[in-house]
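Welcome! Take a moment to look over the sequence and the structure below, and then let us walk through them together.

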Amino acid sequence: MQAQTKIPRFARNDNRCYYHAMKFSDQFEARFSDMLTHYPTKRSVLVPTLLYAQDEVGYLSPDVIHEIAQRLDLTELEVSNVISYYSMLTTKPRGKFNVQVCTNIACMLRGGEELLDHCKTKLGIGHKGTTPDGTFSLEEVECIGACSWAPAAQVNYDFHENLTVEKMDKVLDEYRKN
Amino acid sequence: MADLVSHPDEVKVVSKRFGKSATNIDRYLELDGYKAVQKALGMQPDAIVNLVKDSGLRGRGGAGFNTGMKWSFVPKQSPKPKYILCNGDESEPGTCKDRLIFEHDPHSVIEGVVIAGIATGSHAGYIYIRGEYRYLLEIMQKAIKDAYARGFLGKNIFGSGYDFEVYWHGGAGAYEVGEESALMESLEGKRGIPRIRPPFPAVVGLWGGPTVINNAETLASVPHILLGGAEWFAKLGPPKNGGTRLFCLSGHLNRPGVYELPMGYNLKKMIYEVGGGISGGRKLKAVVPGGSSCPVLTADEIDVSMDFDSMMKAGTMLGSGGVVVVDETTCMVNFALRIMKFYQHESCGWCIPCREGTDWLKKTLTRFHHGGGVKKDIDNIQYLSENMLGRTFCPLGDAAAMPTISIVKKFRKEFEDHLEGKPCPFEKAGVTEPAAVLA
């Protein structure tokens, strides 16, 4: 993957007339080729592909959007249009570990909001913020399907459940060590 | 982690293989796996449809439509290919049951999809799993791979001459995508905006072809019905509400967890006996009976049978099985606010009543909860909600309106206690700044 220069999205459309071609990992490419055979239209692979691409690159950069649009015979606008709908997809760089704390009803009843506030204080960032060293991002999320084990959070794709403030601290420390 | 719990009143059908390593295909086969689909291959498609109809199986995603009847809407002949689509986008607040099915018994979902395919003459099925459930998607990917390797999927399944492909599909974060027509849009690679109905998916669905969309738990129930028979399944619950279902108990309970209970189980018994009663020895205030889209019940209204028809008679819904228990320390205005915040966030934005209604209600409820409310706001909240109900392009508007209306109606006094700049009676002192009162 090529290095990305920081170009504001809208300015990018006007200023750049070239893109870095993107090559993803072998695992991504194998999966992508396989997925294309699963549907009668190329476009159908878009949503899962965007998430897998984001997992590798860290965010959906203009180059990623351009690459995927090209491969699926879509305009970048159409791809951006789809990205803006899905809450897990981001066009901005994020921390290595995205801490997603649920505050919906089952978690709220068992201290989810307090857990979120604690994370905000401990990490020193707010909703959708990223720590200066790039280790953590924080997000207040809607129901993640862990209601019977509330309060719960996800860090990237890992579930952390039956949380207390103390347990959350231990979880964050474990990730920080890595 | 997502620990399993149990209770003697449980009747284990869909959760029969939980905790038994059934993700391993050999284990699944040992535990009667892939027997039902072979039985289905020897049956007439109409016979399978009637079997499922007679079993009384109704959609476990929340809408509760008779599954066999939905399958019967698929036309026999179709110029376009027919599809089965498993809705694994579980995102209804309070609901965490499909997660366990994907984690412990993914093959049962695959088997249900294939049986639905045989019954409707389809040759391909998609299992859509929400983006946040990545570890479950990976389990499903492996299960599908293993099933193909054994010749249970693909061309000539089980040597029967019938072809059936099953594909996984991962989402990327969107509640609205759980709505069946929005699910199809998402699978086709677009924004999850719902489609106009009619035509219904069973007639015009994925890429224009007839598509059966069923919840994961619904499909996981199908193999058990094939093996156990319609009569057995129907008798587990009240008439027309056959079977068992997974109930997700959460909130202020001593023993939250996912329990499989017969349809028609009493809600009060569920809360106090299965769920162990209210934590901290406090008093029950309200119950969300089937996910946040349902009208809430007060503590006086919980002596009710948990089946689709009884719940409708009681003015609410069985819904998704998400039973969220609220105790006396909870502010119902704040609870209504949090629910509206969710729907405002998840509204797809397509239609005015939902897009504007949820936003207006969220702003009103926020201002109201923080002490900036006036008397006419209370009636206005009800009025705005009633103007969304039945007037939106998809049921999300109804889902936002119904709990709100029920909370305003049943807990009006709590709203009145927030008037005249008074701080929330349930808030810890000094936590929130009261908002300016609008004259």
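What follows is a short tour of chain A and then of chain B.

## Before we start

Please keep in mind that this is a predicted model.

## Chain A at a glance

Let us begin with the overall make-up. Chain A contains eight helices and five strands. Their order along the sequence is α-α-α-α-α-β-α-α-β-β-β-β-α.

Chain A has 178 residues, and 39% of them count as buried.

The five strands of chain A make an open sheet, and their order across it is 2-3-1-4-5. The pairing in this sheet is mixed. At its edges are strand 2 (129–130) and strand 5 (158–160) of chain A, each of which pairs on one side only.

Strand 2 of chain A is joined by two bridges to strand 3 (residues 136–141) of chain A, and the two run antiparallel. You can find this pairing by looking for Gly129(A), which stands opposite Leu138(A) in strand 3 of chain A. Helix 7 (residues 112–123) of chain A packs on the sheet, where it touches strand 1 (97–102) and strand 3 of chain A. The direction of helix 7 of chain A makes about 150° with that of strand 1 of chain A.

## The sheet of chain B

Now for chain B. Here four strands form an open sheet in the order 3-2-1-4, and the pairing is parallel. Strand 3 (165–170) and strand 4 (211–215) of chain B each have a single partner strand, so one side of each has no neighbour in the sheet. On average, neighbouring strands of this sheet are turned by 20° against each other, direction ignored.

Strand 1 (residues 83–88) of chain B pairs with strand 4 of chain B in the parallel sense over five bridges. Asn87(B) has Asn215(B), in strand 4 of chain B, as its bridge partner. Helix 9 (residues 216–228) of chain B packs on the sheet and touches strand 1 and strand 4 of chain B. Its direction makes about 95° with that of strand 4 of chain B.

How many residues of strand 3 of chain B are buried? Six of the six are, so this strand is largely enclosed by the rest of the structure. In regular strands, side chains alternate between the two faces of the sheet. In strand 3 of chain B, Glu165(B), Tyr167(B) and His169(B) point one way, while Val166(B), Trp168(B) and Gly170(B) point the other way, and all are buried.

Six bridges connect strand 3 of chain B with strand 2 of chain B, and these strands run parallel. Across this pairing, Tyr126(B) stands opposite Tyr167(B).

## A covered helix

Our last stop is helix 8 (residues 180–187) of chain B, which is mostly covered, with eight of its eight residues buried. Among them are Glu180(B), Leu183(B), Met184(B) and Leu187(B).

What covers the buried residues of helix 8 of chain B? The cover includes helix 3 (46–57) of chain A, together with strand 1, strand 2 (124–129), strand 3 and strand 4 of chain B. Just after helix 8 of chain B, Gly189(B) adopts a positive phi of about 90°.

Definitions and conventions:
Residues numbered from 1 in each chain as written. Chains lettered and ligands numbered in written order. Predicted model: local features only at pLDDT ≥ 70, side-chain atom pairs only at ≥ 80, totals over all residues. Pairing = 2+ DSSP bridges. Axes fitted to C-alpha atoms, helices over the stretch in contact; angles between N-to-C directions. Contact = placed C-beta atoms within 7 Å. Buried ≥ 20, exposed ≤ 12 C-beta atoms within 10 Å, placed from the backbone.
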